[in-house]
Amino acid sequence: MVEKRTSQLAELIEPYAGRPQELIQVLREIQEELGYLPKEAQEEVAQTLGVPLSRVYGVITFYHFFRTSPVGQHTIRLCLGTACYVRGAAQVLQTLQEELGINPGETTVDYKFSLERVACFGCCALSPVMVVDNTVHSRVTPAKAREILSTYQGS
Amino acid sequence: MTRKVAIEIDGQRIEVEQGANLLQVARDNGIDIPGLCYHPRVSVSGACRLCVVRIAGRPSLVPACTAEVVNGMEVIAFDEELDSMRRMLIDLLLSEHNCDCMTCESAGNCELQDLAYRYGLDNRTRRFIAREKVLPNPDLSSPVLNYDPSKCILCGRCVRACDEIQGKGVLSYAYRGLETVVVAGLGEWETSECDGCGECVQLCPTSAILEKLPLRPPRSWEVKKIQTTCSYCGVGCQIEMWVKDNEVVKVRGAEVIPNYGSTCIKGRFGHTYLTKDDRLTTPLVRKNGTLEPATWDEAMAVIKERLLKIKDGHGPDTLAGLASAKCTNEENYLFQKFMRASVGTNNVDHCARLCHASTVAGLAAAFGSGAMTNSIAELEYAKCILVTGSNTTETHPVIASLIKRAVRYNGAKLIVVDPRRIDLVKYAAVWLRQKNGTDVAWMNGMMNVILSEGLADESFIRERTEGFDELKKVVEQYTPEKVEEITTIPAEKLREAARIYATAETSSLVYSMGITQHITGTDNVLSTANLAMITGNIGKASTGVNPLRGQNNVQGACDLGALPNVYSGYQKVADPAVQEKFEQAWGAKLSPKAGLTVVEIMNAAAEGKVKGLIIMGENPMVSDPNLNHVEEALKNLDFLVVSDIFLSETARLADVVLPAASFAETEGTFTNTERRVLLLRKVINAPGEAVPDWQIICKFAEAFGYQMHYENAAQIMDEIARLTPIYGGIHHARLVPDGLQWPCPSDDHPGTVYLHKEKFSRGLGRFHPVDFIPPAELPDEEYPFILSTGRILFHYHTGTMSRRAEALNAFVNEGYAEIHPNDAARLGLKDEGRVKVRTRRGEIETKVKATEKVAEGSVFVPFHFVEAAANRLTNDALDPKAKIPELKVAACQIEKA
Ligand code: SF4
Ligand code: SF4
Ligand code: SF4
Ligand code: FES
Ligand code: FES
């Protein structure tokens, strides 16, 4: 398994050898393939493209799009756009973080949930908005968020 | 050509060079425009905006650090509006800063604090309320420094310092907006590429990046800051030691020649050995087999009795002395004076024999003078740099950073010729990977290409050299194809390298022990000289033949005559006029017969021909080749006396051990690799009864009934100047601030930046044709691998000092053998597993480091680690001319341990 991934990685990265300007592109492709950017991939990219590790890290942390841990079975996306924020999304985030024990961009140890923050879904009328996989939940409060999480228990 | 122009800042007229940085010009002229992101040693970012000024004719305000000076420029640096803008900007910075100056280590040495004070931004006058920042925790993972994001003003000086000055690029910004921080590697210093040089610490204006020190070290105003010369390598970095209560609490780079603030990890973090409990504090005398503390009087009485007995019974030539490349110029001068004038023998040498004896011999024969021809700073502007047999990044880190800058910013082409994939290969236009010990062949091959393609500098050859026809005859036989057979370097690559070297406007050749430590060491050195002369790359700025000297004062120890055949300044003992001059000056009869070299002394000791040995601060029990033999030799002596700062492996075998002062506890000078004589200052007091070596030597002389009396080291230097033409104008008082580069023949001479300008020291440069001779020991069926040895960044020589420094041990604290992964796999060796390395002379057990740095079939072992001492394995076969042993090639077997 590990070996398979290594060769797959090498195949993805090799075409970009010595081309530091393609850093974002190659990271994007790896994430598409693996769903996230494992540490060894980050190191491999730095080495093959010839850029320092910190530049890879800088790019990954700059764009919320990139993830450094694998995606869980369910992805929770919470909007923290202006409308949602004003209506209490921050408290919802707080609750989710406490319940799941992870920060945005991370995945629970059991790989069940990943948590992400979003700028605006474009449906501010329903704010605060939380989307689990493809299901949209509107007017979410801390209590409602807890309730939603519980419906996934055991699944 | 730079042009002088006149500008005006706030009505003050200033004449400067066109294109100079406006902020720098203002500051140099006492106009203190604030600014936090600017630093003269890194590129301009214009990020902090504090340095904004008005420039007549420009529509908007301009950051002074981004403006270049042009003729007639009129600048307003201070007015009410500018000041209130600056106040606001500082106010904003403070609102995001963890302002706990009360307990901050940097208070008193912080540019932000200074500005807050200057603009009177106290709690009442600040307008911006502190914003709550969600910041990651401080990164405390590095062994040498800490990063605290709450103190970081994101000026970016560290990021640029690591990238631009050091060429490492370890640092970057991560996250964004209010959360932006500086990170190393993948967010953690410990696992990043950081090698602990501390350049980022040096440039950080606040306390965001600071040395890792015990809690609450004394602050800037509590310490004395004393500039001195680093003792860890031949670069001779100027460092500033911060001292309180006889302890060095912190080391910063001094922003002067030759390092301008840069250092490597050793210079900044490696001096903690100074106050270790196991420093020698009293003399030790062997009684009933064990070394026991004694008084100086007792120790000197034993020395006097035993040494005189040997001298009187067997003659002065049964005594020998090893001076030291770690000791000062003054001490080396006195040591050889003592051996020659009061003992009466020329048996004096030191470990330069093991590193650059072939340089001294080879370059003296070719040019007339055996030292780096050009200066360190010139490397940055060379158009081509050929580095061979020098892993510069690890052995001369500050010079390596200059080479990288030459490539990255000044368009230099780098040629690396090395069997190992060293760090510099990353920057190389061409990398030639020769088989170990085939250097004469590839250099002859390059000359063959240069001649056959008409790239030689014919007028230089005609006017400045002799012996070209003989050279030509030999070189003609070394076609690239033939050379490929010998060296495995592809013929086409050799041609490419030859063309680059020969056609660049200025080509500088840099080499080190990969060239010198062979039985053909002198031949190799002669070949480098041939190559430089055939292309006219010598006697000009940014060219030359540049041997990088390893130890801090190995240049000086040679210069001052700690060699068996010359007095100070390479004046030959065999020359009757010289002999007479020294006999008169020293008031003693001197011998015209050259003495024994290091390895010969050991051999003579083993045979009982040398009976007494005086060693000043050297550790042959780790540094010399074929240690098993060295051990036998030292044990066979009638009497061995060693002075050192610790009980070294060699001192353990001595009959008397004398406690010496370290480089920080004495005064004197070191001569760095570019012939620059640099001052050493007394920073702290020596522990217990330890005294400087020059005083120890005076005690020796007294025991021998010879008068030596000096008030201080400066007085010794005055005597040196009187007797040594190349040091003729060198006196301590003249060495502030930049030191002086020899030759410096008179008191009004400014020193010499590069040698052989219009004329070689010997008149004409001499070509020496040399043929390729294979190494003394080649791999065979029984010993199938090629073993090579060398140094690493984190340790120094035999480890007596560096292995007592915690920061250095945190990076590397054990020996290892680099083995190619394919070889490792074939032999069932695991990375980090154990391995036995064996040669015809000895065996060690050590750790495997599987790495493609070494070629298949090769093994590399660093020599600093006594428990896995590389020199148990090395070959003591000698170069017949320079008597340097072949430390770089031996045949070995490896086997899983
Ligand atoms: S870094 Fe400077 S301004 Fe910040 S707390 Fe320390 S002394 Fe004060
Ligand atoms: S210590 Fe040197 S290598 Fe490490 S981050 Fe700072 S500047 Fe870069
Ligand atoms: S760590 Fe220091 S040098 Fe680096 S950005 Fe922060 S304040 Fe500037
Ligand atoms: S702000 Fe949340 S959906 Fe627009
Ligand atoms: S110093 Fe000029 S913008 Fe910062």
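How many salt bridges are there between chain B and chain A? The count is 0, where a salt bridge is a side-chain nitrogen of Lys or Arg within 4 Å of a carboxyl oxygen of Asp or Glu.

## About the model

This is a predicted model, in which local features need pLDDT of at least 70, side-chain atom pairs count only at pLDDT 80 or more, and totals for chains, interfaces and linings use all residues. Residues are numbered from 1 along each chain as its sequence is written, chains are lettered from A and ligands numbered from 1 in the order in which they are written, and side-chain values use heavy atoms, without hydrogens and water.

## Where chain B meets chain A

Chain B brings 16 residues to the contact and chain A brings 12 residues (contact: heavy atoms within 4.5 Å). Together the two chains bury about 1200 Å², and 57% of that is on carbon and sulfur atoms. Buried area is the accessible area (1.4 Å probe) lost when two parts are put together, summed over both. B:Tyr175, B:Arg176 and B:Leu186 supply 55% of the area that chain B buries against chain A, more than any other three residues.

Two strands of chain B, β7 (171-174) and β8 (181-184), each supply at least two residues of the side that touches chain A. Strands here are DSSP runs (E, at least two residues), numbered from the N terminus. The largest share, 4 residues, comes from β7(B).

## Around ligand 3

Ligand 3 has 13 residues around it, each with a heavy atom within 4 Å. B:Cys152, B:Cys155, B:Gly156, B:Cys158 and B:Cys204 come nearest.
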